[in-house]
Amino acid sequence: MTGTQLSVFKQILLNQNLVTVDQLRTAKEEKQRHPRLLGEILVDLNFLSPVQLQQVLSQVTGLPYIDLNDITIHPQAFTLIPLEVLQQYQALPFDYDQDTQQVSLAMADPEHILWIDDLKNHLQRSLRIRVMLKLYHADPRQILAALYQTSPSLPLTADQDSIAMVDSILTQAVQLGASDVHFQPEEQIVCIRYRLDGLLKTVQTFHKKNWSSVV
């Protein structure tokens with residue numbers, strides 16, 4: 001985000017009463033202590049929801065926001081990019097127009113040029129043609145939920161898998177010095193959050209169908 005975009009971002013937050021001046025000041029102080037994106041800090045402090053963040057970013061960048069709960073994912077679009085790449089970049093190709101060779105791509109950060117270039121290269125290798133991208137802002141939780149919902153390989157398949165995952169979660173928490181670990185069930189996924197330096201940070205998600213086994 002450029003300096004001008006950051007100023008617009010903060011002004012929109014205040015004008016729409018999404019955060020207070022004091023909350024914005026608190027987030028800026030946290031940014032000085034632990035440099036990260038301001039929007040990410042506001043979400044971690046629970047001053048702003050992930051959906052609100054993406055909607056405001058959409059106003060700043062001019063790229064549209066899409067609610068993935070309201071659409072049907074094109075079955076071919078989802079298979080055009082390796083799943084691990086989609087997870088890494090928090091991206092979801094959700095529509096593909098064969099007439100125009102346009103792929104609609106939802107991302108948590110649709111202005112990340114390097115990620116977009118890599119995603120486009122994957123698409124062009126899969127389709128063997130030049131493609132056009134139509135980029136959208138989207139809630140990263142909805143992106144992850146859609147990835148889990150549309151890929152049968154992602155959910156855990158056995159109790160031993162659940163045991164191994166919990167062991168990994170707790171081991172990583174100790175290694176990072178987390179003071180506590182939070183499991184937050186949502187509609188389709190469970191978010192795992194560590195409290196690091198007093199702030200909750202989402203570090204992983206898993207499909208909600210495995211929640212009882214993990215518990």
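Trainee: What makes β4-β5-β6 an open sheet, and which pairing does this sheet have?
Mentor: The 3 strands lie in the order β4-β5-β6, with antiparallel pairing. Strands here are DSSP runs of E of at least two residues, helices are runs of H or I of at least four, and both are numbered from the N terminus. Two strands pair if DSSP finds at least two bridges between them. β4 (181-185) and β6 are the edges: each has a single partner strand, so one side of each is left without a neighbour in the sheet. This is a predicted model, in which local features need pLDDT of at least 70, side-chain atom pairs count only at pLDDT 80 or more, and totals for chains, interfaces and linings use all residues. Residues are numbered from 1 along each chain as its sequence is written, and side-chain values use heavy atoms, with hydrogens and water left out.

Trainee: How do you know that β4 and β5 pair?
Mentor: DSSP must find at least two bridges, and β4 and β5 share 5, in the antiparallel sense. In one of them, Gln-184 has Cys-191 of β5 as its partner.

Trainee: What is the order of the sheet with mixed pairing?
Mentor: The order of this open sheet of 3 strands is β1-β2-β3. β1 (91-97) and β3 (132-137) pair on one side only, which makes them the edge strands. β1 and β2 (residues 102-107) are antiparallel over 6 bridges, and Pro-93 is bridged to Leu-105 in β2. Helix α7 (residues 113-127) packs on the sheet and touches β1, β2 and β3, its direction making about 140 degrees with that of β2.

Trainee: What makes α1 and α2 a contact, and which residues form it?
Mentor: Contact requires heavy atoms within 4.5 Å. Lys-10, Leu-13 and Leu-14 of α1 meet Val-21, Leu-24 and Lys-28 of α2. The axes of α1 (residues 3-15) and α2 (residues 21-33) come within 10 Å and cross at roughly 145 degrees. Axes are lines fitted to C-alpha atoms, for helices over the stretch in contact, and angles run from 0 to 180 degrees between N-to-C directions.

Trainee: Which residues are closest to the centre of the largest pocket?
Mentor: Of 47 lining residues, they are Glu-40, Leu-53, Gln-90, Ala-108 and Pro-140. A pocket is an open set of points on a 1 Å grid over the protein atoms alone where a 1.4 Å probe fits, with protein on both sides within 12 Å along at least five of seven lines; lining residues have an atom within 4 Å of a point. β6 gives the most to the lining, 7 residues.
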